[in-house]
Amino acid sequence: PARHFDTKTTEPVSFFLSGLEELLSWQPDGNDDFNVCTVQLAKRQPPLHSKRPRTLVCHDMRGGYLEDRFIQGSATRNPYVFYHWRYIDIFVYFSHRTVTIPPVCWTNAAHRNGVLVLGTFITEWTDGEKLCESFLAGGEEASHAVSEQLARIAQHYRFDGWLVNMENTLSAAAVKNLPPFLQHLTAQVHSAVPGGLVIWYDSVLQNGVLKWQNELNQDNRVFFDACDGLFTNYNWKEEHLERTRALAGPRQTDVYVGIDVFARGDVIGGGFDTNKSLRLIRQHGLSAAIFAPGWVYEHLGEENFLHNENKFWGLLSEYLLTHSICTLPLATSFSLGMGTSRFLDGKVEEAGPWCDLSAQEIQPLYPEHEGRLSTSCCLQDAWCGGSSLRLQGIIPAGEERVAIRLFSLQMPAPPKLFLTLLYKLEGPHTEFTVALELTTWDSGSCHEGNVTSLPEPSNRHHPRFLPAPPPGLAKLLASCNRGSNGWTSRCYELDLQDCSLRDLSLLVSRQQPSPQEMPFSCLLGEVRVLDAASVAAAPPQVQNLLASQLWWQ
């Protein structure tokens, strides 16, 4: 069927639903299997429902369902990818189709990094008016059928809820039934999808008139009260934020103040000035909805995309709250899920462009250190996948060591950890050594090593280098001595007692302090942090393997 398979290539594709009839007649289908998210939502700290301001990204690019619709990837050169997951909470996939089901590759990539994904339910213009009339103006049976289908769709494809956007006027009968519809949809989503969300877009007022308010006020509050949050329109000024905060009260972080990165209309700042808007939003303790950050790709072009993307998010990072990983194992090759070649064990396995966001690995922080070390993506060389993480910058004069934070962590440390690192120094850097450093949260009881050794006074721990993997782990830690093709491989162990992990950093040291500042560049190909106890346990056996939808070539 054309909905599930591309008519030209027969490859499985993600799809949307048009109109009410398609929504109400939808049911799970065997051809759907490709479209179901396979990655459970990773736990992260702090959780979404904590009361700190959140960041939502609304992805709207050229109508949607571009190369990202190919579930098993495509040979796209210079595709758009998103990878600053550590800084955001919610990812909305937006298009102007009635029911936008997020392409599954986005849900896989977001979930791997602990980010929720919402689809969009939109009605627009006169067609939208008729559609709303048909399910809202009658009895609750019709509106319940719609909300139950939307919840079922999110549950089936394993994404996390809906942005509801009604961009048309509503009759008195329809608008009267809108708050109960939102309430029912929210309850249905909450019961079908653990942690699910329904967010309302600031459009229609409680009298049925279509009039964007750019704030939470008495005219649209009834919809905010009926669901999990409000996404405001973009043309606000500071007084809108003040009124919104006062009216939202304890729910102020459920208001996502819209920022249009394309800066259409009368806005505070978009493009590389998006930080001006974000600063004001955060001063009022509100959440933010960053609309169309694909501006970086669409407006500035594909060629320098990765550089411009890091610049864009780097300018915002001061106002974005980072998220911590809170479960082990942590293992990543930093691959973006795209590349100019596919690498395996440090060599090119297959040359040629590719893009498959489902294959994107856990992404690190991308700290911007002015004048020191910063991180970026390198497509020219990798250990595994399509890219590695490049660290480059200056080691200041007189400094022996510089640490650059890769991941924020928040979890109790197991008694014994194994860590592995694969890296490649670029240029003539024989005087540098690189290693991993773990920091722990301050606590009187936390100490390193066994009980007889003196507690290390600081909370910075430098795991012991293991020249060879311990017996029984040689297979899993084969990378300890498998560095090749210019890549160096290292294994470490660390014993901790009563500690809580805080940061994983790469530590760059020079053998001798130097009066000159020194340029430094290195690629990270893979990092793993493993709980020794679970590594030693036998892996679970695969059971009941089924193969379906085979296409023999």
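1. A disulfide is a pair of cysteine sulfur atoms within 2.5 Å. Keep that cut-off in mind for this structure, which is a predicted model.

2. The structure holds 1 disulfide. C446 and C499 form the bond, with their sulfur atoms 2.0 Å apart. The angle about the S-S bond is 90°, and the link of C446 and C499 is right-handed. Distant parts of the chain are tied together here, as the two cysteines are 53 residues apart. Look for C446 in the loop between β19 (432–440) and β20 (447–448). C499 sits in the loop between β23 (488–497) and β24 (500–510). Both C446 and C499 are buried.

3. C132 counts as buried because its relative accessibility is 0%.

4. C378 counts as buried because its relative accessibility is 1%.

5. Now turn to helix α2, residues 104–112. This helix is mostly covered, with 8 of its 9 residues buried. Among them are V104, C105, W106 and T107. N108, A109, A110 and H111 are buried too.

6. What do the buried residues of α2 pack against? Their partners are the strands β2 (55–59), β3 (90–93) and β5 (116–124). Just after α2 comes G114, with a positive phi of about 80°.

How values were computed. Residues are numbered from 1 along each chain as its sequence is written. This is a predicted model: local features need pLDDT of at least 70, side-chain atom pairs count only at pLDDT 80 or more; totals for chains, interfaces and linings use all residues. Side-chain values use heavy atoms; hydrogens and water are left out. Buried means under 20% relative accessible area, exposed over 50%, partly exposed in between (1.4 Å probe, protein chains only). Helices (H or I, at least four residues) and strands (E, at least two) are DSSP runs, numbered from the N terminus. Contact means heavy atoms within 4.5 Å.
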